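Please keep the sequence and the model in view while reading.

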Amino acid sequence: MPLVQLREMIGGPAPVPAFNVIQVEHAEAIAAAAQETGASVVLQISENAVRYHGSLRPIGAAALSVAASASTPIAVHLDHATSEELVREAVRIGFGSVMFDASACPHDENVARTAEVVRRCHEAGVGVEAELGEIGGKDGVHAPGVRTDPDDAAAYVAATGVDFLAVAVGSSHAMLTRDAELDFELIALLHKTVPVPLVLHGSSGVADESLAAAVRSGMWKINIATQLNKHFTASVRTVLDDHPTLVDPRRYLGAGREAMSAEVARLIRVLEG
């Protein structure tokens, strides 16, 4: 199936789950779950993952290849890029969308830099996600008690031209527990006020029933990373504990891939209701 863009998924019958890729086994696990469920999904690579690999091209090319070989629609997305050069690299190698994160900058600088990224990306046919204020887990908008103001969010979208907006409604990055308390009334108000699809970051810290309720309230793209890594790592640990002389990484990474794929498929079904 040809690569699809995140913008092409707008208006579909279901929310769009976006799963973070760190290594090729992650991309394969997500694609297998998408094919099992028939869902449209996003493979997204963060700036942190790029830093781990030393550059975007190796892991980016792998994700693009996995997506292009899938039988269900899969988009490839750059997540939390703070560098305009990294955005340009993603566009050059074929990513269909990017998240440009200037949220740590003063508001006027955030708007100006994001608007310029949007202009350049739209010229290349690439969609842009952004956020107003810092995302949490990074001590920002998703820190406890911080919330996105609907009128501010609508003004930010108008000023920048972004295609998708990450909002603060009670979740936080890198949570190992699933007890974040989402503000569903705020999600509904943001959905009514903001003219672009809403993105929930830090979804690993949100319980199943709250994820489903967030979708019903108006969330569209649901970002999940830590929850998948928990399952991947637990499976790898079990294999290595059970086989202390094992040295073939295919044995333990393969087990991690299978465990992660099962959790991706389960989460897709949760989000689809």
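H201 is placed in the loop between β7 (198-200) and α8, where helices (H or I, at least four residues) and strands (E, at least two) are DSSP runs, numbered from the N terminus. This is a predicted model, in which local features need pLDDT of at least 70 and side-chain atom pairs count only at pLDDT 80 or more, while totals for chains, interfaces and linings use all residues. Residues are numbered from 1 along each chain as its sequence is written, and side-chain values use heavy atoms, with hydrogens and water left out.

**The annotated residues**

H201 counts as buried at 1% relative accessibility; buried means under 20% relative accessible area, exposed over 50%, and partly exposed in between (1.4 Å probe, protein chains only). H80 lies in strand β3 (residues 74-81) and is buried, with a relative accessible area of 8%. D79 lies in strand β3 as well, and D79 is buried with a relative accessible area of 5%.

| Side chain | Partner side chain | Distance |
|---|---|---|
| H201 | H80 | 3.0 Å |
| H201 | N223 | 3.4 Å |
| H80 | D101 | 2.8 Å |

Which residues does D79 touch, not counting residues up to four places away in sequence? They are N20, Q44, I45, S46, E47, M99, H201 and N223, with contact taken as heavy atoms within 4.5 Å.

**Helix packing**

Helix α7 (residues 184-193) and helix α8 (residues 208-217) pack at an angle of about 30°, with their axes 8 Å apart. Axes are lines fitted to C-alpha atoms, for helices over the stretch in contact, and angles run from 0 to 180 degrees between N-to-C directions. The two helices α7 and α8 are therefore roughly parallel to each other, given that angles under 35 degrees count as roughly parallel, over 145 as roughly antiparallel, 65 to 115 as roughly perpendicular and the rest as oblique. The contact is made by F184, I187, A188 and H191 of α7 together with S210, A213, A214 and S217 of α8.

The axes of helix α6 (residues 150-160) and α7 come within 9 Å and cross at roughly 35°. Here P150, D151, A153 and A154 of α6 meet L186, L189, L190 and T193 of α7.

**Helix α10 and the chain as a whole**

L253 is placed in helix α10 (residues 249-272) and counts as partly exposed at 21% relative accessibility. Leaving aside its neighbours within four places in sequence, L253 is in contact with Q23, E25 and F232. The C-alpha atoms of L253 and V239, 14 residues apart along the chain, are separated by 9.3 Å.

The secondary structure of the chain comes to 10 helices and eight strands, and buried residues make up 55% of the 273 residues. Of the contacts in the chain with a separation of 6 or more, 71% are accounted for by residues 24 or more positions apart.

Definitions and conventions: Polar contact = N/O pair within 3.5 Å; in protein donor to acceptor, adjacent residues only side chain to side chain.
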